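Please keep the structure open beside you as you read.

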Amino acid sequence: MAENKKSIIVVMPAYNAEETLEKTYRDIPDNVVDEIILVDDASRDRTVEIAKRLGITVITHPQNRGYGANQKTCYDEALKRNPDIVVMIHPDYQYDSRLIPYIIGFLEKGICDVILGSRIRTRKETLACGMPKYKYFSNRLLTFIENVVLGQNVADFHSGYRAYTRKVLETIPYHNNSNGFVFDSEFLAQAVYFGFKIGDVPVPVRYFDEASSINLTNSIVYGTKTLFTLVKYLAHSMNLVRCELFGPDKQRA
């Protein structure tokens, strides 16, 4: 007997993605995804116009609120539709959206609750694909520390290609998270704290001028905030302090 088909929603946190949105969209395989939702964070280009032309559901922020705030809206909108699985992919064509059927397979079979698309298969391949050396080595160092602290064995903690079961999004108090880039690190620390199974799959990555990427200064800030997130995780887990990241969702409570 065939298994019941899961409801799949793709969310795209977007900002100035007019050059890459359509290519990302066109690579999503047919008959796999039930709906694509793009949340535009007050882009200054034609991102919204292009998304509407493609038939994508569009939600707009009247003012720029930040990458983390964008994801909060993405997941709020997705949960309104009661999906089984939500896939988050940046519309900057950096990640290969053709791999969505393989990524969601691990969630459909109950093997994992969270799947990350890993950009790090080998150093040679990753650098050849254009990842800056400072970004590669900082990724390796941060990922190593996160694996040790969180007790995981994840290849790339900082991927922008992720998939979650509905239960993950219903459980994690993501409204308590930062509105900035460290939202991603906080979310994974929360996933570990609440006992969800995290896995990853290799994905080719593309670095080019139109692909979004935070600069060196912002990378340093992001790395520092990620380390502080680990401190908060340890302190809360050891009952030394109470951290709202791991408490009730302040918006849904």
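Strand E6 (161-165) is mostly covered: five of its five residues are buried, that is, under 20% relative accessible area with a 1.4 Å probe and protein chains only. Tyr161, Ala163 and Thr165 point one way, while Arg162 and Tyr164 point the other way. In a regular strand, side chains alternate between the two faces of the sheet.

This is a predicted model, where local features need pLDDT of at least 70, side-chain atom pairs count only at pLDDT 80 or more, and totals for chains, interfaces and linings use all residues. Residues are numbered from 1 along each chain as its sequence is written, and side-chain values use heavy atoms, leaving out hydrogens and water.

E6 belongs to an open, mixed sheet of seven strands, ordered E3-E2-E1-E4-E6-E5-E7. Strands (E) are DSSP runs of at least two residues and helices (H or I) of at least four, numbered from the N terminus; two strands pair if DSSP finds at least two bridges between them. Strands E3 (57-60) and E7 (198-202) stand at the edges with a single partner strand each, so one side of each has no neighbour in the sheet.

Here are some of the pairings:

| Strands | Sense | Bridges | Opposite residues |
|---|---|---|---|
| E5 and E7 | parallel | five bridges | Ile115 and Gly199 |

Helix H4 (residues 100-108) packs on the sheet, touching E1, E4, E5, E6 and E7, where contact means heavy atoms within 4.5 Å.

Definitions and conventions
Axes fitted to C-alpha atoms, helices over the stretch in contact; angles between N-to-C directions. Buried < 20%, exposed > 50% of the residue type's maximum accessible area, 1.4 Å probe, protein only.
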